[in-house]
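Let's work through some exercises on a protein model together. Have the structure open beside you and try each task before reading its solution.

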Amino acid sequence: MSALPHDLYCDEIIGRTDALRAAIKDADLDATVPTCPDWTLRDLAVHVGRAHRWAGEIVRTRATEAVPHERVPDSTPEGDDPAVLDAWLADGAAKTVEALRAAGPDQEVWSWGWERSTGFWARRMAHETIVHQADAALTAKTGYEVAPELAADTIEEWLEIVAFMQAAGIKEVAGPVGTGRSIHLHATDVPGAEWLIEFAEDGFTWRRAHEKATVALRGPLTDVMLVFNRRLAPDSDRVEVLGDAELLDFWLERAAFG
């Protein structure tokens, strides 16, 4: 089940899309996104809009199998006019959230993940937009903030994704690390926002805990989340890495998908 209320995820999809639109409004849409160097700002915006529409189509049609991207209506903005792109982003988010709210969180639909429900897609699209809004903010050099409960849930959803990918045999993450090693994530500004990732030969486990680890990543919760999602470098002066920094680097590299 989703960790936070369905309506909160829906609100976040709209709010984060609006923030992304504001970040790129007066920016150079041909600028390279440093955290996604194969993309321009325009590519980033189109990716987010397409993701929204794809998830929305799955929910709207109560799909029982993957929906081919070419069957998703209005999946590309017409022309290069920034105003058209802006309206297209807003419309896609609104229609997806409309479908999610109408369905509620418990409707069974296809997903690529561990939970086949509309709630999965509300959570996934909220965090997709949270992270990509960070990409836009970093590129356009605008401000970026996330509510603590959402930043924490972004971390936990990513841990669930990585665990699912490893269990499904899509990518090996933990095996090469070795048994008995661990990573501690410690948000210094939010009580209780701490996680311990422990490695074994056949996988990894994670839990909220304050314990000594092989390496610790400390800093404000939003910055810890951004490092964990490879949107902020672990050697940034906004965070502190204590212990085996190579283990953290290894995790960040191996846990990246796509």
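**Exercise 1. Describe the second largest pocket by its volume and its lining.**

Step 1. The second largest pocket has a volume of about 230 Å³. A pocket here is an open set of points on a 1 Å grid over the protein atoms alone, where a 1.4 Å probe fits and protein lies on both sides within 12 Å along at least five of seven lines. The volume is the space filled by probe spheres set on the points.

Step 2. The pocket is lined by 14 residues, and R53, E57, R60, P73 and K95 are the closest to its centre. A lining residue has an atom within 4 Å of a point.

Step 3. Helices α2 (41-60) and α3 (82-103) each give at least two residues to this lining, and α3 supplies the largest share, six residues. Helices are DSSP runs (H or I, at least four residues), numbered from the N terminus.

Step 4. Sorted by class, the lining holds seven charged, four polar and three nonpolar residues. Asp, Glu, Lys and Arg count as charged, Ala, Val, Leu, Ile, Met, Phe, Trp, Tyr, Cys and Pro as nonpolar, and the others, Gly among them, as polar.

This is a predicted model, in which local features need pLDDT of at least 70 and side-chain atom pairs pLDDT 80 or more, while totals for chains, interfaces and linings use all residues. Residues are numbered from 1 along each chain as its sequence is written, and side-chain values use heavy atoms, without hydrogens and water.

**Exercise 2. Work out how α2 is oriented to α3.**

Step 1. The axes of α2 and α3 come within 9 Å and cross at roughly 25°. Axes are lines fitted to C-alpha atoms over the stretch in contact, and angles run from 0 to 180 degrees between N-to-C directions.

Step 2. Therefore α2 is roughly parallel to α3 (angles under 35 degrees count as roughly parallel, over 145 as roughly antiparallel).

Step 3. By class, ten nonpolar, five polar and five charged residues form the contact of α2 with α3.

Key:
Parallel < 35°, antiparallel > 145°, perpendicular 65-115°, else oblique.
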